[in-house]
Amino acid sequence: MLEKQETTVIPNEPIVREIESYEQKAAGFWMRFWAFIIDLLVISAVIGIVINPIFYLMDWSFDDSIWYAPISIISAIVYYAYFVLLTKWWSQTIGKMIFGLRVKKDNGEKLDWMTVIFRECIGRFISNTFLKVPYLLVIFTPQHKAIHDFAADTVVVHEDVFSQKKVFKQEVMDLDTVSTTSM
C-alpha cells in the first residue's frame, strides 16, 4: 500500500560562515620612515657623487637658494626619477628592499606607469610641499596609507609577513523543497 507523498516547503534561510583569509601585513609608520631615510641617503649620495662634480667642473654656482636654481632642478629630477623608476621596475626602492617592504596596488594588479607616476611624483610633491606632514597620515589610517597611497590606490606591505583576517560571509541555502515518502 502506498501512502501519499508529502512535500514541505522550507524558506531560504541565510547562513553566516566565518572564513579565515590571509593578507600581507601593511607596513607601519616607523618601517616606512626608516626606509625613506635610507632612500634620502642614497639620493644624496648620487647627487654628491655624480651631480656635484659636474657643477664643480663647470664652475656653476651652488649658492642659489631659489627653487629654480639649476642644482635644485637637477636634484628634484634625481629625487623623483629614483622613486618612479625603482618603484616601477621592482615595486620597491633601496630603502624598502632593506626593510622588506613592497608597494602593491589595492586590487592586486601589477603597478602600471600611470599609477607609479601619480603616486611617486604628484603624491610625493603634495606631501613634500606641506613640510612632509601628510606622511603622518600613515599613523592614523587602517592600512597605514599615506596621501599618495590613497591617490594611487596602493598600499605598502611587508613582503613575507601575513596577518590573519576573519571574514563573515552570508550565504543563502537554496533548499526549495524537501520530500518524504513513507510506505
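**View A. Glu171 lies in strand S4.** The model is predicted, so local features are given at pLDDT of at least 70 and side-chain atom pairs at pLDDT 80 or more, while totals for chains, interfaces and linings use all residues. Residues are numbered from 1 along each chain as its sequence is written, and side-chain values use heavy atoms, with hydrogens and water left out. Strands here are DSSP runs of E with at least two residues, helices are runs of H or I with at least four, and both are numbered from the N terminus. With a relative accessible area of 27%, Glu171 is partly exposed; buried stands for under 20%, exposed for over 50% and partly exposed for what lies in between, using a 1.4 Å probe and protein chains only. Although Glu171 and Arg17 are 154 residues apart along the chain, their C-alpha atoms are separated by 7.5 Å.

**View C. Gly28 in the loop between strand S2 and helix H1.** The loop joins S2 (14-26) to H1 (29-58). Gly28 is buried, with a relative accessible area of 18%. Its C-alpha atom is 7.0 Å from that of Ile139, a residue 111 positions away in sequence. Not counting residues up to four places away in sequence, Gly28 touches Val138 and His144.

**View D. Two non-glycine residues with positive phi, Ser91 and His144.** Most residues other than glycine have a negative phi. In Ser91 phi is near 60 degrees. Ser91 sits in the loop between H2 and helix H3 (94-99) and counts as buried at 16% relative accessibility. Phi of His144 is near 55 degrees. His144 belongs to the loop between helix H5 (137-140) and helix H6 (147-152), and is partly exposed, with a relative accessible area of 24%.

**View E. Aromatic rings around helix H2.** Ten aromatic pairs occur in the structure. A pair is counted for rings of Phe, Tyr and Trp (its six-membered ring) with centres within 6.5 Å; planes under 30 degrees apart are stacked, over 60 edge-to-face, and the rest tilted. The ring centres of Tyr79 and Tyr80 are 4.9 Å apart and the planes stand at 90 degrees, so this pair is edge-to-face. For Tyr82 and Phe83 the centres are 5.2 Å apart and the planes at 85 degrees, so this pair is edge-to-face as well. Tyr79 is buried, at a relative accessible area of 12%, and both Tyr82 and Phe83 are buried. One aromatic cluster is formed by Phe36, Tyr79, Tyr80, Tyr82, Phe83 and Tyr135. The charged end of Arg124 sits over the ring of Phe83, 3.9 Å from its centre; the criterion is NZ of Lys or CZ of Arg within 6 Å of the ring centre and within 35 degrees of the ring normal.

**View F. Packing of helix H2 against helix H4.** Two packed helices are described by the angle and the distance between their axes. The axes of H2 (residues 70-90) and H4 (residues 113-129) come within 9 Å and cross at roughly 145 degrees. From H2, Tyr79, Tyr80, Phe83, Val84, Leu85, Thr87, Lys88 and Trp89 meet Trp113, Val116, Ile117, Glu120, Cys121, Arg124, Phe125 and Asn128 of H4. Eleven nonpolar, two polar and three charged residues make up this contact.

**View G. Ser127 in helix H4.** Ser127 is buried, with a relative accessible area of 0%. Beyond residues up to four places away in sequence, Ser127 touches Lys132, Val133, Pro134, Tyr135, Ile147 and His148.

**View H. Overview of the protein chain.** The chain has six helices and five strands, in the order β-β-α-α-α-β-α-α-α-β-β from the N terminus on. Of its 183 residues, 31% are buried. Among contacts between residues at least 6 apart in sequence, 75% join residues at least 24 apart.

Technical notes. Axes are lines fitted to C-alpha atoms, for helices over the stretch in contact, and angles run from 0 to 180 degrees between N-to-C directions. Contact means heavy atoms within 4.5 Å. Ala, Val, Leu, Ile, Met, Phe, Trp, Tyr, Cys and Pro count as nonpolar, Asp, Glu, Lys and Arg as charged, and the others, Gly among them, as polar.
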